[in-house]
Amino acid sequence: MADNDIDKNSIMFISLVTSLGSQAFAQLGKVKDPSTNNIERNLDAASLSIDMLDMLKERTQGNLSEQETSLLEKTLSDLKLNIVQESKYESHNNKKDKSE
């Protein structure tokens with residue numbers, strides 16, 4: 001494989017991880033959804049996006065550059081911390097609504 005192909009694949013992989021990560025952050029309500037320009041939360045969709053990134057990590061293990069591995073692991077770590085936080089927030093609000 002030519003160096004040009006490796007660079008192209010690396011760029012595409014980084015773009016894919018970045019895209020899925022951005023999508024998940026929007027689904028978590030952490031950033032505006034670019035298609036609606038609104039903050040919207042959908043934890044089920046965010047969970048699916050995180051699962052896709054986890055699958056990519058598992059399926060590409062041992063085949064990524066340091067930069068690709070670092071980006072994927074950091075993205076997953078940040079997303080997992082945020083989904084736990086948002087799940088707790090949602091659970092707390094649901095309990096609060098039921099008690100009122």
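Predicted model: local features only at pLDDT ≥ 70, side-chain atom pairs only at ≥ 80, totals over all residues.
**Exercise 1.** Which helix has the lowest confidence and which the highest?

Solution. Then go helix by helix. Helix 3 has the lowest confidence, with a mean of 87, and helix 2 has the highest, at 97.

**Exercise 2.** Find how far apart the closest N and O atoms of Glu86 and Arg41 are, and state which parts of the protein the pair ties together.

Solution. Step one is the distance. The closest N and O atoms of Glu86 and Arg41 are 2.9 Å apart, and the cut-off for a salt bridge is 4 Å, so the pair counts as one. Step two is the location.

**Exercise 3.** Are Glu86 and Arg41 buried, partly exposed or exposed?

Solution. Take Glu86 first. Its relative accessible area is 9%; buried means under 20%, so Glu86 is buried. Now take Arg41. Its relative accessibility is 36%, which places Arg41 among the partly exposed residues.

**Exercise 4.** Which helices does the salt bridge between Lys80 and Asp54 tie together?

Solution. First, confirm the contact: the side chains of Lys80 and Asp54 meet in a salt bridge at 3.1 Å, N to O. Lys80 is in helix 3 and Asp54 in helix 2, so the pair ties together parts that are 26 residues apart in sequence.

**Exercise 5.** Where do Lys74 and Asp78 lie, and how many residues apart are they?

Solution. The side chains of Lys74 and Asp78 form a salt bridge of 2.9 Å, N to O. Both residues lie in helix 3 and are four residues apart, about one turn of the helix. As for exposure, Lys74 has a relative accessibility of 51% and counts as exposed. Asp78, at 27%, counts as partly exposed.

**Exercise 6.** How many salt bridges are there in total, and which residues do shared partners join into one network?

Solution. The count comes to four salt bridges. Where salt bridges share partners, they join Lys30, Arg41 and Glu86 into one network.

Key: Residues numbered from 1 in each chain as written. Heavy atoms only, no water. Helix = DSSP H or I, 4+ residues; strand = E, 2+ residues; numbered from the N terminus. Buried < 20%, exposed > 50% of the residue type's maximum accessible area, 1.4 Å probe, protein only. pLDDT = per-residue confidence, 0-100.
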